[in-house]
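Please look over the following briefing on one protein chain, which is arranged by topic for reading beside the sequence and the coordinates.

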Amino acid sequence: MFQVIGHGVCLSLLEEVEAEARRLFELPARQKMKALRSPGGATGYGTARITPFFSKNMWHEGFTIMGSCVDHAKELWPRNYKRFCDTMVEYQKKMKALAYQLWLLVLKSLDIQEKDVTWAASLQHSEAALQLNSYPCCPDPDRVLGLAPHTDTLLLTIVHQSDSNGLQVFKDGVLGWVSVSPIAGALVVNVGDLLHIVSNARFLTAYHRVVANQACHRVSIAYFYGPPAESELVPILPKLQAPCYRSLTVKQYVSVKAKHLEKALSLIRI
């Protein structure tokens with residue numbers, strides 16, 4: 001996990017997307033429920049997908065966008081949805097361009113040519129997901145989780161977080177959980193499971209969580225970036241190094257992760 005500056009996304013757009021996320025989450029509960037994620041669906045309003053794996057409650061609500069959000073936005077604001085949609089479209093456009101530049105930097109650091117990754121060209125056409133997260137003020141933070149410990153599934157996640165603490169990353173050794181304090185204008189980048197696999201564990205997936213906050217309402221916006229579902233994940237190896245993981249498609253790995261969560265990587269390890 002690292003924070004990136006000089007990313008070319010203007011501060012005004014970051015402020016606008018956070019303001020629109022807050023506008024959504026400040027709606028009455030009955031209004032937000034009109035955009036409820038359907039059973040088995042991927043988009044709309046609802047709880048975190050990892051919720052069933054944990055017994056402790058999560059102090060969190062979310063809204064997921066893949067492609068157009070017009071239909072759900074019309075349910076939320078029948079006469080005033082355009083501003084929200086336009087902001088989300090512009091933000092996703094900027095995030096996609098940034099994610100691709102970060103991907104190229106990753107390849108360069110691994111001394112790999114883009115042409116050597118069979119699905120690399122398709123990244124420019126793949127559909128990512130945008131997740132708006134809300135962590136309301138919590139009267140008793142010790143009794144709940146903001147968002148339980150987990151890793152992200154895809155290649156990279158780019159996160160804009162509001163100016164309050166809550167995000168933590170786990171560092172092996174004596175440090176344990178470390179706060180990722182917001183830096184004005186910076187974006188947080190998480191390495192995800194797919195990058196962990198294709199880099200043959202040279203880029204380690206970021207195990208992270210969010211703790212509840214008693215003092216303020218925290219908002220974050222996460223952009224999940226990865227290749228199309230049918231892309232085959234093959235560890236990209238330096239000379240004389242054996243693969244750590246067996247080859248499989250993105251769709252197959254997502255299915256393993258949906259059933260086993262944090263055990264998924266160990267289940268495909270050779």
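Ala 97 lies in helix α4, where helices are DSSP runs of H or I with at least four residues, strands are DSSP runs of E with at least two, and both are numbered from the N terminus. Ala 97 is partly exposed, with a relative accessible area of 44%; on this scale buried means under 20% relative accessible area, exposed means over 50%, and partly exposed is in between, using a 1.4 Å probe and protein chains only. Although Ala 97 and Asn 80 are 17 residues apart in sequence, their C-alpha atoms are 28 Å apart in space.

This is a predicted model, in which local features need pLDDT of at least 70 and side-chain atom pairs count only at pLDDT 80 or more, whereas totals for chains, interfaces and linings use all residues. Residues are numbered from 1 along each chain as its sequence is written, and side-chain values use heavy atoms, with hydrogens and water left out.

**Nonpolar cores**

- A nonpolar core is here a set of buried Ala, Val, Leu, Ile, Met, Phe, Trp, Tyr and Cys residues joined through side-chain atoms within 4.5 Å.
- The largest nonpolar core has 63 residues, and the members that touch the most others are Phe 63, Phe 84, Trp 103 and Leu 132.
- Helix α4, which spans residues 82–109, gives the most to this core, with 12 residues.
- A second, separate core of 16 residues has Ala 48, Ile 50, Leu 145 and Val 210 among its members.
- Leaving aside neighbours within four places in sequence, Trp 103 is in contact (heavy atoms within 4.5 Å) with Val 117, Trp 119, Ala 120, Leu 123, Leu 155, Leu 156, Leu 195 and Tyr 225.

**Leu 132 in strand β4**

- Leu 132 lies in strand β4 and, at 0% relative accessibility, counts as buried.
- The C-alpha atoms of Leu 132 and Gly 62 are separated by 5.5 Å, although these residues are 70 residues apart along the chain.
- When neighbours within four places in sequence are left aside, the contacts of Leu 132 include Ala 21, Leu 24 and Phe 25, as well as Phe 63, Phe 84, Met 88 and Ile 221.

**Packing of α1 against α4**

- The axes of helix α1 (residues 11–25) and α4 come within 10 Å and cross at roughly 135 degrees, where axes are lines fitted to C-alpha atoms, for helices over the stretch in contact, and angles run from 0 to 180 degrees between N-to-C directions.
- The two helices α1 and α4 are therefore oblique to each other, since angles under 35 degrees count as roughly parallel, over 145 as roughly antiparallel, 65 to 115 as roughly perpendicular and the rest as oblique.
- On the α1 side, the residues that meet α4 include Leu 13, Leu 14, Val 17 and Leu 24, and on the α4 side the residues that meet α1 include Phe 84, Thr 87, Met 88 and Tyr 91.

**Loop residues**

- Asp 111, found in the loop between α4 and β4 (129–135), has a positive phi of about 60 degrees although it is not a glycine, and at 71% relative accessibility Asp 111 counts as exposed.
- Asn 200, which lies in the loop between α5 (193–198) and β10 (208–210), has a positive phi of about 55 degrees although it is not a glycine, and Asn 200 is buried, with a relative accessible area of 2%.
- Gln 124 has its place in the loop between α4 and β4, is partly exposed at a relative accessible area of 43%, and, leaving aside neighbours within four places in sequence, is in contact with Lys 96 and Tyr 100.
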